Amino acid sequence: QVPVIESGGGLVQAGGSLRLSCIVSRRTFPSYAMGWFRQAPGKEREFVAAISWRGDRSHYRESVRGRFNIFEDSPNLTVYLQMNNLKPEDTAIYYCAADPVTDYSRDYYYTGQSDYDYWGQGTQVTVSS
C-alpha cells in the first residue's frame, strides 16, 4: 500500500478559494500520474482534475475549468489543487488518487477512477452560499 495524504479542505464562502495538497510516498514508485476526484452527498464520486506524471499536461471537468488549477511541486513531492471562485455545488469530499508510472516512453494522465491504484482518505470542502 502506498500512502496518499490529502490536506487543505475546510469551510469557505461562495467566491472564496482553497488549496488542497496531496503527498504520495515515493519509496515504492518514483513517479505517478495524479488526479483529484470528489463525492458530494448522495452522489457518485466524479473526476475533477488530473495531471500527467511529468507535470506537462492536465485535464479538468468542464464545470471547474478556469476556476481550478492542478499543479505539482516536484521538490516537495506534492500535488496541489487550487480552487478559486468556489460555488456551493463544489461542496464535496475531495480525494487524491495516484497511479504509478509504468510507461516512461510517453507522458499521460488518467480521468477514470479505475485507472488509479492508490487513494487518500479524502478532505471535506464545504462552500456556503
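Which residues have the most contacts inside the largest nonpolar core? They are Met34, Trp36, Phe68, Leu81, Met83 and Tyr94, in a core of 29 residues. A nonpolar core here is a set of buried Ala, Val, Leu, Ile, Met, Phe, Trp, Tyr and Cys residues joined through side-chain atoms within 4.5 Å. Buried means under 20% relative accessible area, exposed means over 50%, and partly exposed lies in between (1.4 Å probe, protein chains only).

This is a predicted model: local features need pLDDT of at least 70, side-chain atom pairs count only at pLDDT 80 or more, and totals for chains, interfaces and linings use all residues. Residues are numbered from 1 along each chain as its sequence is written, and side-chain values use heavy atoms, with hydrogens and water left out.

Strands (E, at least two residues) are DSSP runs, numbered from the N terminus. A second, separate core has 5 residues, including Phe37, Ala50, Ala97 and Tyr116. In soluble globular proteins, nonpolar side chains tend to be buried together.

Take Met34. Contact means heavy atoms within 4.5 Å. Setting aside neighbours within four places in sequence, Met34 contacts Cys22, Val24, Ala49, Ala50, Ile51, Ile70, Val79, Cys96, Ala97, Ala98 and Tyr116.

| Residue | Relative accessibility | Class |
|---|---|---|
| Ser31 | 16% | buried |
| Ser21 | 17% | buried |
| Asn85 | 41% | partly exposed |
| Gln121 | 71% | exposed |

**The two serines**

Ser21 lies in strand 3. Residues up to four places away in sequence are not counted; Ser21 then touches Ile5, Glu6, Ser7, Trp36, Thr78, Val79 and Tyr80. Ser31 sits in the loop between strand 3 (18-24) and strand 4 (32-39). Ser31 counts as buried because its relative accessibility is 16%. Beyond four places in sequence, its contacts are Arg26, Trp53, Asp99, Pro100, Val101 and Tyr104.

Asn85 is in the loop between strand 8 and strand 9. Its phi is near 50°, a positive value in a residue other than glycine.

Gln121 is in the loop between strand 10 (118-119) and strand 11. At 71% relative accessibility, Gln121 is exposed. Even so, Gln121 touches Val4, Glu6 and Tyr95, not counting residues up to four places away in sequence. Gln121 and Cys96 are 25 residues apart in sequence, and their C-alpha atoms are 8.1 Å apart in space.

Definitions and conventions:
Helices (H or I, at least four residues) and strands (E, at least two) are DSSP runs, numbered from the N terminus.
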